[in-house]
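Subject: Structure for you to look at

Dear colleague,

Please find below the structure that I promised to hand over, together with its sequence.

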Amino acid sequence: KLMQANNCMACHMIDKRKYGPQFNEIAEKYTNDKAAVSKLAAKIKAGGTGVWGEDYMPPQPQVSDANALAMAELILALTPKK
């Protein structure tokens with residue numbers, strides 16, 4: 001519900017590519033990164049490009065810090081894509 005309420009699902013899906021990377025791909029990329037939760041939370045709020053090719057993620061400044069951290073934790077808890 002948190003991801004839907006913050007419009008994440010407009011560009012991302014758990015196990016299929018839409019516009020941005022699938023959440024399982026993100027979980028895989030950051031598997032061994034101890035700072036991944038804070039990095040992803042910051043990316044959610046600031047947006048960016050270049051990490052996944054030319055895809056552009058628009059900033060989501062309306063997302064609270066607590067919700068950005070919760071969403072990052074949810075993404076990283078997924079089973080990485082194999």
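Let me begin with charged side chains: Arg17, Glu25 and Asp55 are linked in a network of salt bridges, where a salt bridge is a side-chain nitrogen of Lys or Arg within 4 Å of a carboxyl oxygen of Asp or Glu. Before going further, please note that this is a predicted model, in which local features need pLDDT of at least 70 and side-chain atom pairs count only at pLDDT 80 or more, while totals for chains, interfaces and linings use all residues. Residues are numbered from 1 along each chain as its sequence is written, and side-chain values use heavy atoms, with hydrogens and water left out.

Arg17 is partly exposed, with a relative accessible area of 41%, whereas Glu25 is buried at 16%; here buried means under 20% relative accessible area, exposed means over 50%, and partly exposed lies in between, with a 1.4 Å probe and protein chains only.

How many salt bridges does a search of the whole structure find? The search finds four, and one of them joins Asp33 to Lys39, with the closest N and O atoms 2.6 Å apart. Both partners are partly exposed, Asp33 at 24% relative accessibility and Lys39 with a relative accessible area of 44%.

Another salt bridge brings together the side chains of Asp65 and Lys45, at 3.2 Å from N to O. This pair links distant parts of the chain, since Asp65 is in helix H4 (residues 65-76) and Lys45 is in helix H3 (residues 36-46), 20 residues apart. Asp65 is exposed, with a relative accessible area of 53%, while Lys45 is partly exposed at 24%.

Turning to rings, Lys29 lies over the face of Trp52, at 5.0 Å from the ring centre; a charge sits over a ring if NZ of Lys or CZ of Arg is within 6 Å of the ring centre and within 35 degrees of the ring normal.

As for the overall fold, the secondary structure of the protein comes to four helices and two strands, which are DSSP runs numbered from the N terminus, helices being H or I with at least four residues and strands being E with at least two. Along the sequence they follow the pattern α-α-α-β-β-α. The radius of gyration is 11 Å, close to the 12 Å that the globule rule gives for 82 residues, so the protein is as compact as a globular protein of that length; this radius is taken over C-alpha atoms, and the rule is 2.2 Å times the number of residues to the power 0.38. The C-alpha atoms fill a box of roughly 35 × 25 × 25 Å, taken along the principal axes, and buried residues make up 30% of the 82 residues.
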